[in-house]
Amino acid sequence: MATEAARVAADPHHARIPDTPAGGTVILLNGTSSSGKSSIARALLDLLDGTWFHMPVDAFHSMRCDKPIADEDLQAEIDRTAKGFHRAVAGMAAGGNNVVVDHPLSRRWRLLDLLDLLVPEDAVLIGVRCPLPELERRERERGDRQAGLAAMQYDQVHSHGDHDLDVDTSLLSPEECALRIRDFLPDRPRPTAFERLGATLRNPV
């Protein structure tokens, strides 16, 4: 066994870090809680060619231990998780993986952080829109979200104003939204929303 282990360790292919010929594409679904981001993401994974990962920020929050968090510490906890989540997304894309990200840009710093981390030409920013009364109806029916969360996020998530594509989940099913996104990808225009936002938000006139 020791000889076999030594042979494997000496094998240059065993120690070579795999090449990454190209970075992956990131589809960032930006909308309030209950806007339908997760449903669109799941539909996209069935429609898109090749291998894609769905990375919802809620999955990262669910990894946290069950210890209680004081009210005054909660926002800092959420921010640390979001900051780590951004870097996990960027790391997956840097490794050559295609990723569908489900994340509300409800605080401006989240967008600014992602502008620094993602490759702008490989990021596709999708505005997932829905009228507030419909969001509130969904929130009541779900019963698993903080009451009023969609209303709190409503004026913030799209305040930067620019997306590559917008879809309205009050008018389209998740599958129809996913089809529109899929059909948009091959010939999406340049500069991308991330390129435009990087120029305006990072270099304001």
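These are my notebook entries on a predicted model of one chain.

**Ground rules.** I number residues from 1 along each chain as its sequence is written, and my side-chain values use heavy atoms, with hydrogens and water left out.

**Overall.** I looked up the secondary structure and found 10 helices and five strands. Helices here are DSSP runs of H or I with at least four residues, strands are runs of E with at least two, and both are numbered from the N terminus. The C-alpha atoms fill a box of roughly 70 × 45 × 40 Å along the principal axes. The chain has 205 residues, and 38% of them count as buried. I take buried as under 20% relative accessible area, exposed as over 50% and partly exposed as in between, with a 1.4 Å probe and protein chains only. I then checked contacts, meaning heavy atoms within 4.5 Å. Among contacts with a separation of 6 or more, 81% join residues 24 or more positions apart.

**Helix α6.** I listed the buried residues of α6 (residues 108–117): Arg 110, Leu 111, Asp 113, Leu 114 and Leu 115. Their cover includes β1 (26–30), α5 (71–94) and α10 (193–202).

**α6 against α10.** The two axes lie 10 Å apart, and the helices pack at about 115°. I use axes fitted as lines to C-alpha atoms, for helices over the stretch in contact, with angles from 0 to 180 degrees between N-to-C directions. The pair is therefore roughly perpendicular. The classes are roughly parallel under 35 degrees, roughly antiparallel over 145, roughly perpendicular from 65 to 115, and oblique for the rest. On the α6 side I found Arg 108, Leu 111, Leu 112, Asp 113, Leu 114, Leu 115 and Asp 116, which meet Phe 194, Leu 197, Gly 198, Leu 201 and Arg 202 of α10. By class this contact has seven nonpolar, one polar and four charged residues. Ala, Val, Leu, Ile, Met, Phe, Trp, Tyr, Cys and Pro count as nonpolar, Asp, Glu, Lys and Arg as charged, and the others, Gly among them, as polar.

**α3 against α9.** The axes of α3 (residues 37–47) and α9 (residues 174–184) come within 8 Å and cross at roughly 55°, so I put the pair down as oblique. This crossing is right-handed. From α3 the contact takes Ser 39, Ile 40, Ala 43, Leu 44 and Leu 47, and from α9 Pro 174, Glu 175, Cys 177, Ala 178, Leu 179, Ile 181 and Arg 182. I sorted these into nine nonpolar, one polar and two charged.

**Cys 177.** Cys 177 is buried, at 0% relative accessibility. I looked for disulfides, which are pairs of cysteine sulfur atoms within 2.5 Å, and found zero. The closest cysteine sulfur to that of Cys 177 is in Cys 130, 9.8 Å away and too far for a bond.

**Two threonines.** Thr 81 is in helix α5 and is buried at 15% relative accessibility. Leaving aside neighbours within four places in sequence, Thr 81 contacts Phe 60, His 61 and Arg 64. Thr 192 sits in the loop between α9 and α10 and is buried at 1%.

Technical notes: Predicted model: local features only at pLDDT ≥ 70, side-chain atom pairs only at ≥ 80, totals over all residues. Left-handed = near helix turned anticlockwise from the far one by under 90°.
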